[in-house]
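Reader: Hi! Could you walk me through this one with me looking on?
Author: Happy to, here it is.

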Amino acid sequence: MKVSRGSLLPALALAAVVPLALSACGGSSSGGSKGGGKVKLSLVAYSTPQAAYEKIIAAFQQTAAGKNITFSQSYGASGDQSRAVADGLPADVVEFSLAPDMQRLVDADIVAADWDTNEHKGIVTNSVVVIATRKGNPKGIKDWPDLVKPGVEVITPNPFTSGGARWNLMAAYGGTLAEGASEADANAYLADLLKNVPVQDNSARDSLQTFIGGKGDALLSYENDAIFAQQNNQALDYTVPDNTILIENPVAVTKTSTHPKEAQAFVDFLYSDTAQKLFSDNGYRPVVASDATMDFPTPSGLFDITKFGGWTTVMTKFFDPDNGIVGKIEQGLGVPTSK
Amino acid sequence: MTRNRTSAPRWGLRVVVLAYLMFLLVLPVVVILYRTFQHGLSPVFDALTTSDAQHAYKITAIVAVSAVVLNTVFGVAAAILLVRHRFPGRRILDAVIDLPIAVSPVVVGLALTLVYGRNTAVGSWFGRHGINIIFSLPGMVIATSFVALPLVVRAVGPVLEEIGEEQEQAAATLGASAFQRFTRITLPSIRGALAYGVVLSLARSLGEFGAVAVVSGRLLGKTETVPLYVLDLYNNFNQTGAYAASTSLVLVAVAALVASRFLRPRGAMT
Amino acid sequence: MSPPASNDLSAGGGGTLAVPPLTGGPRIGGGRTARRGLSGRFVVGPTLTGGFVVLFLSVVVLIPLAVLVYKSTGSGWAGFWHQVHSPFAWSALKLTVVMSLLVALINLVMGTAIAWLLVRDRMPGRQFLDTIIDLPFALPTIVAGVTLILLFGPTSPIGINLAYARSGVLLALLFVSLPFVVRTVQPVLLELDRDMEEAAASLGASQFTIFRRIILPTIAPAMAAGTTLAFARALSEFGSTVLISGNLPGKTQVAAVFIYGKIQEDSVTGAAAVSTVLLAVSLVVLVLLNVIQLWVARRD
């Protein structure tokens with residue numbers, strides 16, 4: 001009585017393959033237009049502009065160009081997001097915290113090399129680095145030297161994943177220089193500063209959560225993120241140091257986009273008065289002069305990344321994981337001596 | 001049983017155990033329910049009906065159901081193999097099936113990325129054929145299958161063993177095909193255990209966080225599942241949304257608990 | 001004869017949410033000797049089914065894990081050791097193991113106590129407790145994290161703030177590992193023959209003696225198995241600790257969270273190396289569990 005179980009197999013195999021095939025379709029139809037001229041764009045951005053994009057996308061969908069466009073969105077640490085796109089995360093529009101994360105995609109042949117050639121140099125929003133403190137600033141932390149005092153805990157994210165962290169450190173470095181320190185002093189300052197950091201989260205948003213959760217005396221933050229926290233009724237104050245860095249956030253359409261026309265329309269919309277105003281409502285400094293609702297004071301000693309020779313130079317000098325100034329400090333940091 | 005003399009220790013034990021469960025289990029759930037419905041039903045309703053939320057539910061359902069179907073097919077096949085057949089390497093296979101229990105979800109995600117990522121041999125081959133595995137649904141399904149892998153096998157196996165194969169043999173003697181024997185005899189007798197295993201797998205699959213967090217790319221509106229969405233909302237100070245989404249998952253978990261109580265194989269416990 | 005004591009374990013294991021009958025109990029098919037029935041022969045069916053099972057297992061589990069281990073030694077043993085021994089990696093691993101041991105120990109005591117209460121104490125609400133014990137299995141870990149930080153975080157309504165402290169991590173791990181010992185010990189307690197206890201009591205044995213000499217030896221294997229499972233679960237936990245731990249490196253960052261950070265940093269060798277160590281510890285635990293099963297099987 002030799003009865004084979006073989007006939008079971010096709011049924012089993014079929015049952016196994018169907019869901020995989022289904023999900024494969026779901027995966028590969030990324031951004032595929034499905035009926036009615038609907039287009040789904042994938043927006044991949046760094047961690048903080050989510051609230052702004054929610055409103056901007058809604059506004060975009062009110063316009064003729066955006067009528068039939070929906071979005072999938074991903075937010076996370078700038079460096080992480082950039083690597084994910086380089087590793088195959090589908091994206092039509094990318095916005096990062098800083099230019100080097102865009103450069104990675106240029107190198108990976110995903111973003112065109114001329115992404116920074118529009119009239120705004122590819123930059124869609126500005127901000128500055130601020131020092132956020134507990135409500136009422138009980139420790140009197142106002143400027144860069146206050147951050148390296150003994151017993152002060154500073155929260156700033158990991159510069160090897162977070163764009164915000166790189167802005168923070170360059171602001172601190174430049175701020176110290178502007179206050180009369182030598183380069184060697186400023187290097188030592190960075191080391192002292194990082195010694196006071198008990199936890200380096202992956203992204204600026206994670207750091208904000210850590211700070212809100214009760215850890216640390218000061219938080220180095222995007223101005224927009226500090227404003228965002230206040231808008232959400234979180235108890236924190238912030239100071240804009242006199243000497244701080246201008247943050248410039250780049251945006252681009254990818255070459256790999258399946259809907260480049262729609263993606264470009266969206267990026268164009270980002271520069272419209274409507275979108276720029278919505279950005280400024282959410283704490284960003286607009287790059288296009290508009291009737292911003294918020295008053296953004298210009299710090300007397302504001303500098304930008306060109307002060308240090310631009311990002312390409314800075315990336316090698318400071319953020320090379322093996323030989324950069326920050327890379328070496330991070331290597332040398334033992335277990336933080338926090339309580 | 002007259003155990004009056006033990007009533008003091010008994011009360012002591014009761015107090016300790018109840019306090020432990022109270023703080024660890026009951027209060028957290030009560031607090032989240034309270035915080036969710038603090039301002040009434042409508043904010044909860046609003047939070048759960050945003051397009052991102054609905055998409056997250058849809059993705060979660062697709063991923064979980066796919067993984068459960070795969071694991072059910074695998075589980076039944078593996079259980080039949082292990083119980084009904086003797087072959088070299090059987091004990092190894094048996095042991096390997098338990099492996100996923102001991103592997104951290106994050107490690108699962110990393111391991112899958114290393115094999116199926118876009119920059120790997122396998123991943124790029126699929127990429128050239130238009131299929132993304134990592135940062136896409138297939139990767140999420142595989143990750144979910146991994147973590148829930150043993151559940152169906154381990155639910156079905158003991159029952160399969162219990163029923164023996166006399167009936168199947170009899171049917172075979174009467175000329176029933178393998179398929180007939182499976183659908184007419186084997187399946188009905190393992191139905192309860194299978195349903196139980198499926199419920200377990202479904203609960204586990206719906207809630208998977210770590211492995212999916214690594215492989216999904218967390219595209220809101222595309223590859224973001226409800227558990228990922230919860231963290232996302234939480235990080236953006238959208239407490240109402242985070243608590244509402246959490247509560248919806250709590251309710252699913254409770255439903256799974258109740259279902260599993262009914263489906264629990266007989267004789268397990270009162 | 002049937003079911004032997006080991007089957008009690010498997011009944012409990014199989015009978016509750018997600019404690020697979022891996023705990024004790026015969027391996028599937030191990031309890032009865034192989035029948036040489038029609039299906040015992042090597043016919044086409046089983047071979048194909050076997051092929052499918054092995055293929056699926058390979059694609060989903062085995063190949064990825066093998067590649068992971070391979071990648072971890074990508075830069076040689078020195079590189080592997082360098083990664084594992086870097087201060088934060090090492091402290092994360094150490095914290096994870098120590099915390100998991102602590103969690104296992106607390107579970108051993110509390111889990112047994114809970115099982116005892118559920119089986120022996122006919123108090124009101126027992127059924128309810130019995131049902132909710134499994135909640136940590138059914139609840140997504142991130143939701144566990146959110147609920148725990150709500151109750152024990154900075155905005156705690158009961159004024160207990162364990163966020164960013166090791167006690168917070170401990171709490172999260174206790175939560176997710178709660179059911180293991182309960183669900184392995186409970187069925188054995190249920191099967192326990194009361195006559196022996198009655199007899200011992202009538203002979204004047206104290207409660208303590210009865211527990212130590214009669215009850216404990218019987219439930220010990222189940223306790224050991226449950227504790228081992230709880231340990232394994234705590235080792236690998238991720239979601240529930242993410243929020244409450246604050247992930248302070250060297251202080252509250254557990255291994256899984258460390259690995260997640262390394263993945264985000266794109267430090268694949270670092271992530272893979274620590275993963276491999278974690279995997280190795282888990283494997284040791286699995287082997288231990290098998291040894292316990294053998295122990296149980298041999299006692300009968």
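Reader: How many helices and strands does chain B have?
Author: Chain B has twelve helices and zero strands, where helices (H or I, at least four residues) and strands (E, at least two) are DSSP runs numbered from the N terminus. This is a predicted model, in which local features need pLDDT of at least 70 and side-chain atom pairs count only at pLDDT 80 or more, while totals for chains, interfaces and linings use all residues. Residues are numbered from 1 along each chain as its sequence is written, and chains are lettered from A and ligands numbered from 1 in the order in which they are written.

Reader: Thanks! What box do the C-alpha atoms of chain B fill?
Author: Roughly 75 × 65 × 30 Å, taken along the principal axes.

Reader: And what share of chain B is buried?
Author: Buried residues are 59% of the 270 in chain B. Buried here is 20 or more other C-beta atoms within 10 Å of the residue's own, exposed is 12 or fewer, and partly exposed is in between, with C-beta atoms placed from the backbone.

Reader: Switching to chain A, what's in there?
Author: Chain A has 13 helices and nine strands. Of its 339 residues, 51% are buried.

Reader: Where is confidence lowest and highest in chain A?
Author: The lowest is helix 1 (residues 8–28) of chain A, at a mean of 46, and the highest is strand 3 (residues 93–95) of chain A, at 97. That is pLDDT, the predictor's confidence in each residue, from 0 to 100. Residues 18–35 of chain A have pLDDT below 50, yet this stretch has 36 contacts in the model beyond near neighbours in sequence. Two residues are in contact if their C-beta atoms, placed from the backbone, lie within 7 Å. For chain A as a whole, the mean pLDDT is 86, with 86% of residues at 70 or more.

Reader: Now the partners: how many residues of chain C are in contact with chain B?
Author: 86 residues of chain C are in contact with 86 residues of chain B. Helix 2 (residues 44–72) of chain C gives the most to the chain C side, with 17 residues.

Reader: What classes make up that side of chain C?
Author: It has 59 nonpolar, 21 polar and six charged residues. Ala, Val, Leu, Ile, Met, Phe, Trp, Tyr, Cys and Pro count as nonpolar, Asp, Glu, Lys and Arg as charged, and the others, Gly among them, as polar.

Reader: Last one: which domains does chain C have?
Author: Domain 1 (37–72) and domain 2 (76–299), with bounds from an automatic or database domain assignment. Their contact takes five residues from domain 1 of chain C and eight residues from domain 2 of chain C.
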